[in-house]
Amino acid sequence: MTAVELGLPVVRGNPDTTERPDSPLLVDRFGRTATDLRVSLTDRCNLRCTYCMPAEGLDWLPKPDLLDDAELGRLIRIAVTRLGVTDVRFTGGEPLLRPGLDDVIAATAALTPRPRVSMTTNGLTLAKRAAGLVAAGLDRVNVSLDTLDPKRFLRLTRRDRLADVFAGLEAAREAGLSPVKVNTVLMRGVNEDEAVPLLRHCLEHGYQLRFIEQMPLDPQHGWDRADMVTAEEILAALRAEFSLTPEPGDRGGAPAERWLVDGGPAVVGVIASVTRPFCAACDRTRLTADGQVRNCLFSQSETDLRALLRGGASDEEIADRWRGNAWVKAAGHGINSAGFSQPDRPMSAIGG
Ligand code: SAM
Ligand code: SF4
């Protein structure tokens, strides 16, 4: 397969010997620039989705290792004011479990230039939080929802909380968050029959649905390509009930391929990270709750900004270390290559 077919950037020259240009931005050896920062606020969660966490939870990060609000605020400020980050998404673990979340959001939204501020959440406590989060400066939300069936939700997440997710979604819409996006991971033999019902539900409620192919990031290392419901299969299921036409326009760095449903304006997205990787357009940089920067979900190494922060480094020293991390980003995630190995941290500890 060619680089383009693998979703890899086209290589010009030798990336290993290319000199980094004198740019303040998070540029890499393949010509990409990271402008989208994913911040994990905690590795803890109040659900136990079977594909993400074992029933007993994980070995949580020790509290002293976590960035406090001031440290976190400083790193986000450096990213936005020195490194050209334009979008900040809070995630986890479950970001709504982070004490002081509203203040973290308010501090982020107060930066100049103001970044777009969004969050990915399981939505459990969104019903009582949405209005406050919007007042603090939250612009967008993605709520994860893998099933419409309460019994299945209980089996999948090991908690009987589907009604809370529905209430959270409604509250998000009422609080003015737009669009309210829904993230769904389909799994064979678990919820693969719900593509059409989930899209119907989202169309009826005015939510924008995106399916995400399951990736090898589970702590149990149980991911099996054969169990992954592929983008092709999802689209085939949807096409049996809806007409889908590619949304016109440039996708930019957005991971989702989007389709107009029955002529639009409603759209559905499919994020085919495994079968149609989009690494060539990747514009992400990631910060874990314990202050490590990663240039990819799948990278095998991290850059320790917490040690720098706590060691008295200046803003520019921290920014420079972050630039160095971005520069060595790999061409692609490598899931489809021989010799691929999962990163040590699971999705919930990196920030999904
Ligand atoms: N707890 C929040 C939530 O569930 O939205 C935020 C963190 S969660 C890790 C972020 C997203 O990652 C969720 O939509 C979840 O379904 C998805 N996810 C978790 N493990 C995944 C995997 N192995 N492959 C693809 N998506 C995954
Ligand atoms: Fe928690 Fe999100 Fe992982 Fe589910 S997917 S266990 S809600 S972190």
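**Reading the model**

Analyst: Helices (H or I, at least four residues) and strands (E, at least two) are DSSP runs, numbered from the N terminus. The model is predicted: local features need pLDDT of at least 70, side-chain atom pairs count only at pLDDT 80 or more, and totals for chains, interfaces and linings use all residues. Residues are numbered from 1 along each chain as its sequence is written, chains are lettered from A and ligands numbered from 1 in the order in which they are written, and side-chain values use heavy atoms, with hydrogens and water left out.

User: Is Ser341 buried, partly exposed or exposed?

Analyst: Buried means under 20% relative accessible area, exposed over 50%, and partly exposed in between (1.4 Å probe, protein chains only). Ser341 is partly exposed because its relative accessible area is 40%. Ser341 and Glu56 lie 285 residues apart in sequence, with 25 Å between their C-alpha atoms.

User: How is a cavity told from a pocket, and how many cavities of 30 Å³ or more does the structure hold?

Analyst: Both are found on a 1 Å grid over the protein atoms alone: in a cavity a 1.4 Å probe fits but cannot get out, whereas a pocket is an open set of points with protein on both sides within 12 Å along at least five of seven lines. Lining residues have an atom within 4 Å of a point. Grid points are joined across faces, edges and corners, and a volume is the space filled by probe spheres set on the points. Here there is one cavity of 30 Å³ or more, and the volume of the largest cavity is about 70 Å³. Its lining has 14 residues, of which Leu26, Ala34, Arg284, Ala326 and Lys329 are the closest to the centre. Two or more lining residues come from each of β2 (33-34), β12 (284-287) and α9 (315-327), and α9 gives the most, with three.

User: What classes of residue line the largest cavity, and which classes line the second largest pocket?

Analyst: Ala, Val, Leu, Ile, Met, Phe, Trp, Tyr, Cys and Pro count as nonpolar, Asp, Glu, Lys and Arg as charged, and the others, Gly among them, as polar. The cavity lining divides into six nonpolar, four polar and four charged residues. The second largest pocket, with about 250 Å³ of space, has five nonpolar, one polar and five charged residues in its lining. Among them are Arg44, Lys63, Asp68, Asp69 and Arg98.

User: Which residues surround ligand 2?

Analyst: A residue is near a molecule if one of its heavy atoms lies within 4 Å of it. Around ligand 2 are Cys45, Leu47, Cys49, Cys52, Gly93 and Asn122. This shell has four nonpolar, two polar and no charged residues.

User: Which residues does UniProt list for "binding site"?

Analyst: UniProt positions are given in the numbering used here, feature names are shortened, and annotations may be inferred rather than shown by experiment. The unreviewed UniProt entry lists Arg38, Arg89, Thr120, Lys181, Arg284, Thr285 and Arg286. Of these, Arg284 and Thr285 belong to the lining of the largest cavity. Arg284 is in strand β12 and counts as buried because its relative accessibility is 16%. Contact means heavy atoms within 4.5 Å; leaving out residues up to four places away in sequence, Arg284 touches Ala34, Asp36, Arg38, Pro255, Asn295 and Lys329.
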